[in-house]
Every structure is written in structure tokens, then in C-alpha cells.
Amino acid sequence: MDQLLAIRVFTRVVEAGSFTKAAAALQLPKATVTNWYRGWRRGCGCSCSSGPRGESR
């Protein structure tokens, strides 16, 4: 996984508050953004259990 792109995706999802808005801003499919976001969270050892808007993931 390209770490710089993963950080960018993660940041955009947090800022946008949704996977759909982040995907549109990054011009990537929503599924790609979701997978990168989840991969980054797993890779960094993030213990939070919620995604954007507090949704359980």
C-alpha cells in the first residue's frame, strides 16, 4: 500500500465526513476509498471503532 496515498485518503475521509464525498473529491471509486481507509486504520493500529460520522465499521 502506498503510505502517502493512504494518508491522503484517510485525511480526506475524515475531513469530508463520508466515504462518498471523499471519493468524489479524490476522483476515486467509493470502494477504493473505503478499502484504503480501512487498510490505513489497520496498518496504523488505530483502535477507534467508528468511521466518518461515528458509523461502526
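Is Gln 27 buried or exposed? Gln 27 is exposed, with a relative accessible area of 73%, where exposed stands for over 50% relative accessible area, buried for under 20% and partly exposed for values in between (1.4 Å probe, protein chains only).

The structure is a predicted model, in which local features need pLDDT of at least 70 and side-chain atom pairs count only at pLDDT 80 or more, while totals for chains, interfaces and linings use all residues. Residues are numbered from 1 along each chain as its sequence is written, and side-chain values use heavy atoms, with hydrogens and water left out.

**View 1. Overall arrangement of the protein chain.** The protein chain has three helices and zero strands, in the order α-α-α along the sequence; helices (H or I, at least four residues) and strands (E, at least two) are DSSP runs numbered from the N terminus. Of the 57 residues in the protein chain, 32% are buried.

**View 2. The loop between helix 2 and helix 3.** Gln 27 lies in this loop and, although not a glycine, has a positive phi of about 55°.

**View 3. Packing of helix 1 against helix 3.** Helix 1 (residues 3-16) and helix 3 (residues 30-43) pack at an angle of about 105°, their axes being 9 Å apart; axes are lines fitted to C-alpha atoms, for helices over the stretch in contact, and angles run from 0 to 180 degrees between N-to-C directions. The two helices are therefore roughly perpendicular to each other, a term for angles of 65 to 115 degrees, with under 35 counting as roughly parallel, over 145 as roughly antiparallel and the rest as oblique. Residues of helix 1 including Phe 10 and Val 14 meet residues of helix 3, among them Trp 36 and Arg 41, where contact means heavy atoms within 4.5 Å.

**View 4. Crossing of helix 1 and helix 2.** The axes of helix 1 and helix 2 come within 8 Å and cross at roughly 125°, which makes helix 1 oblique to helix 2. In helix 1, Arg 8, Val 9, Arg 12, Val 13 and Ala 16 meet Phe 19, Lys 21, Ala 22, Ala 25 and Leu 26 of helix 2.

**View 5. The largest nonpolar core.** Eleven residues make up this core, including Val 9, Phe 19, Leu 26 and Trp 40; a nonpolar core is a set of buried Ala, Val, Leu, Ile, Met, Phe, Trp, Tyr and Cys residues joined through side-chain atoms within 4.5 Å. Helix 1, helix 2 (19-26) and helix 3 are the elements that give two or more residues to the core.
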